[in-house]
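Dear colleague,

I am passing on the structure you asked about, with the sequence alongside. My notes on what was found in it follow below.

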Amino acid sequence: MKLMKCLLIENDCYKAGAGMKPRGVMVHSTGVNNPNLRRYVQPVAGQENYDGLIAALGKNSNGNHWNRHIDDPNKRKCVHAFIGKLADGSIATVQTLPWEMQAWHCYYGPNGSGNATHIAFEICEDNLDDPVYFRSVYKEAVEFTAYLCKLYGLDPLADGVVICHKEGARRGIASTHSDVENWFPRMGCSMDGFRQDVKDLMTEQKEEEGMKTYDTVSQIRAEASWAAPTIEKLCMANALRGGSEAKDAEGYPADLHLSEDALRILVINDRMGLYSK
Ligand SMILES: [Zn+2]
């Protein structure tokens, strides 16, 4: 992932500046054949790092970017980030709003508005027929979504957390747009696959960092069965209580948050008889 920042400080949404606690991520695509970030993202004169951003993004000479006031309140919109092409043709993500500011990206539906809950990004569409471009922006979107989920402790596979605009419409929290289902299926992809890819990447990253944790007895039985008898024993003795009051169906703590190293040490101690009465 290549993450840059060019806040849309003149956008009416940025100026409204409503706060939000992110509880999900909504994926959009622009619906227009223009893969260039400069179509949407530009710094305004005097903005921090103006020259550097123009050099990276390229100059939009048409004045139709989103870093400006729009007179018609019905046409005002904004997202937290765009994914598309830089001036040199490489793919990047540009943050355009603070993550904890509400974006005006999905309007609303009968059940409310994803604007109040979801961080939103647009993938710049091309003509929807180029698998090379698609693969590169898809990969960037997976990495970016994983980054956001990690930042806010979100589970990408949990219901309603990572959704596209069309799925938001189905859930009654967005206007009836078709993105990204106008594009992903044409390239053999789906939002279910996207969510799984985000989850897999997060798991991979955790393992690389040695940060993988085991949170429940059932997970330990499945993925580290060698430690299960020790952990069950310690839970039943109320020596292991987890990080919260949450319990699983068997009454074990559901928030154990044990690293593999912790499991090893507990098992070694158990073998040495430290937990025998
Ligand atoms: Zn959309």
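Which residues are linked with Glu167 in a network of salt bridges? The network consists of Glu167, Asp192 and Arg195, where a salt bridge is a side-chain nitrogen of Lys or Arg within 4 Å of a carboxyl oxygen of Asp or Glu.

Before going further, please keep in mind that this is a predicted model, in which local features need pLDDT of at least 70 and side-chain atom pairs count only at pLDDT 80 or more, while totals for chains, interfaces and linings use all residues. Residues are numbered from 1 along each chain as its sequence is written, and side-chain values use heavy atoms, with hydrogens and water left out.

**Overall picture**

Six strands form an open sheet in the order 1-4-3-5-2-6, and their pairing is mixed; two strands are taken to pair if DSSP finds at least two bridges between them. Strand 1 (3-5) and strand 6 (162-164) stand at the edges with a single partner strand each, so one side of each is left without a neighbour in the sheet. On average, neighbouring strands of this sheet are turned by 25° against each other, direction ignored, the axes being lines fitted to C-alpha atoms (for helices over the stretch in contact) and angles running from 0 to 180 degrees between N-to-C directions.

Strand 5 (residues 118-123) has six of its six residues buried, so it is largely enclosed by the rest of the structure. Both of its faces are covered, with His118, Ala120 and Glu122 buried on one side and Ile119, Phe121 and Ile123 buried on the other. Strand 2 (residues 24-29) runs parallel to strand 5 and is joined to it by six bridges, and within this pairing Val25 has Ile119 as its bridge partner. Strand 3 also pairs with strand 5 in the parallel sense, over three bridges, and here Ile83 stands opposite Ile123. Strand 3 (residues 81-85) and strand 4 (residues 91-95), by contrast, pair in the antiparallel sense over five bridges, with Phe82 partnered by Val94.

**The zinc site**

The protein donors of the zinc ion are His28 (ND1), His165 (ND1) and Asp179 (OD), lying 2.1 Å from it; donors are N, O and S atoms within 2.8 Å of the metal (3.2 Å for Na, K and Ca), and water is not among the atoms, so sites may look incomplete. Along the chain these donors follow the spacing H-x136-H-x13-D. His165 lies in helix 4 (residues 165-170) and Asp179 in the loop between helix 4 and helix 5 (191-208), so this pair ties together parts that are 14 residues apart in sequence. Both His165 and Asp179 are buried.

**Salt bridges**

The count of salt bridges comes to 17. One of them joins the side chains of Glu167 and Arg195 (2.9 Å, N to O), and this pair links distant parts of the chain, with Glu167 in helix 4 and Arg195 in helix 5, 28 residues apart. Glu167 is buried, with a relative accessible area of 12%, and Arg195 is buried as well, at 11%.

Another salt bridge is formed by the side chains of Asp155 and Lys199 (3.4 Å, N to O); Asp155 sits in the loop between helix 3 and strand 6 and Lys199 in helix 5, 44 residues apart. Asp155 counts as partly exposed at 33% relative accessibility, as does Lys199 at 28%. The side chains of Glu207 and Lys212 also meet in a salt bridge (3.9 Å, N to O), where Glu207 is partly exposed at 47% and Lys212 is partly exposed at 22%.

With best wishes

Conventions: Helix = DSSP H or I, 4+ residues; strand = E, 2+ residues; numbered from the N terminus. Buried < 20%, exposed > 50% of the residue type's maximum accessible area, 1.4 Å probe, protein only.
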